[in-house]
Amino acid sequence: MSASESPLVERVVDTDRYPLADPGGRGWTEAVARARLDLAEHGCTVLTDFIRPELRDELREECAAIAPRAHYDVETVNAYNIDVRTELPPEHPGRKTMRRGNAFVARDRIPSGAIIHRLYADERFQRFLADCVGLPAVHPLADPLAGLTLNVVNPGMSHPWHFDTNEFAVSMLTQEPESGGAFEYCQDIRSAEQENFDDVRAVLDGAGEHLVRRLALRPGDLQLFKGRFSLHRVTEVGGARARHTAIFAYSERPGVIGSVSRTKQIFGRVLPEHLAAEGNAVRGDALLD
């Protein structure tokens, strides 16, 4: 890590609560233990007040300034992010379609000096996240568009029920809406061995409320979430202010690049790197999406 980058953690992160500069120290160990316990018991952990309160306005303003760079498209999707024309049995939950109107700012359109960009690349931040999720290391994606993104959900829009392609996700709310925009999830509704289509279909049909949890998030909180096996969504945003969330995507192995189809769906474009990597993806399970 260069000397010019090293002050970032101390400047923006509440290091009294999350001492990223002291790996293995008492404060680090206690924060990691709390995160691991939450992930094991709830499939999610929220590191409250991760960003110093005095930096939250700067964080919000930086992200609000780049939000207009998002690729925006209203699509008809299903929870598995597969082609809605895919032939499936009549009762398959993949036949349930929803309207998705959220948008993403790609990594190459986020300034390198922005707080979220510098935090994403910070080695101590990465080491802390790896410890929290119980991995030897996490690696930034080699994908020039994914990896770090800003998710924008405008008023009247939502991010409907879906699963993630990564086993864990890291995100940070940077701007909350005036109303709505709640994060809801169904913990471990499926596993690497079992899709559990019946429960997924019940949630999509509105009959699985007992499986749904709602999470309170505030700007500056860091969320770690097992989204590969937990169905989740962001409810419709109300009022006049959009919901902005920074998404920090990492992988257990280096060199990961997204598929052409998924990249085109999210960002509206692909680059030569995506075309060159197509067909080389390594899957950790045989789940539908």
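Modeller: In this predicted model, a salt bridge is a side-chain nitrogen of Lys or Arg within 4 Å of a carboxyl oxygen of Asp or Glu.

Colleague: What makes Arg26 and Glu30 a salt bridge?

Modeller: Their side chains come to 3.1 Å, N to O. The cut-off is 4 Å, so the pair counts as a salt bridge. Both belong to helix α2 (residues 26–42), and because they are four residues apart there, about one helical turn separates them.

Colleague: Why is Arg26 called exposed?

Modeller: Its relative accessibility is 69%, and exposed means over 50%. Glu30 has a relative accessible area of 38%; that lies between 20% and 50%, so Glu30 is partly exposed.

Colleague: How do you know that Glu184 forms a salt bridge with Arg233?

Modeller: The closest N and O atoms are 2.9 Å apart, which is within 4 Å. The pair links distant parts of the chain, with Glu184 in strand β11 (residues 183–186) and Arg233 in strand β14, 49 residues apart.

Colleague: Is Glu184 buried or exposed?

Modeller: Buried: the relative accessible area of Glu184 is 6%, and the cut-off is under 20%. Arg233, at 27%, is partly exposed.

Colleague: Which residues are closest to the centre of the second largest pocket?

Modeller: That pocket has a volume of about 200 Å³. Of its 16 lining residues, the closest to the centre are Trp161, Glu184, Val203, Leu204 and Arg233.

Colleague: What makes Asp49 buried?

Modeller: Asp49 has 19% relative accessibility, and buried means under 20%. Asp49 also forms a salt bridge with Arg56, at 2.7 Å between the closest N and O atoms.

Methods. Residues are numbered from 1 along each chain as its sequence is written. This is a predicted model: local features need pLDDT of at least 70, side-chain atom pairs count only at pLDDT 80 or more; totals for chains, interfaces and linings use all residues. Side-chain values use heavy atoms; hydrogens and water are left out. On a 1 Å grid over the protein atoms alone, a cavity is a set of points where a 1.4 Å probe fits but cannot get out, and a pocket is an open set with protein on both sides within 12 Å along at least five of seven lines; lining residues have an atom within 4 Å of a point. Grid points are joined across faces, edges and corners, and a volume is the space filled by probe spheres set on the points. Helices (H or I, at least four residues) and strands (E, at least two) are DSSP runs, numbered from the N terminus. Buried means under 20% relative accessible area, exposed over 50%, partly exposed in between (1.4 Å probe, protein chains only).
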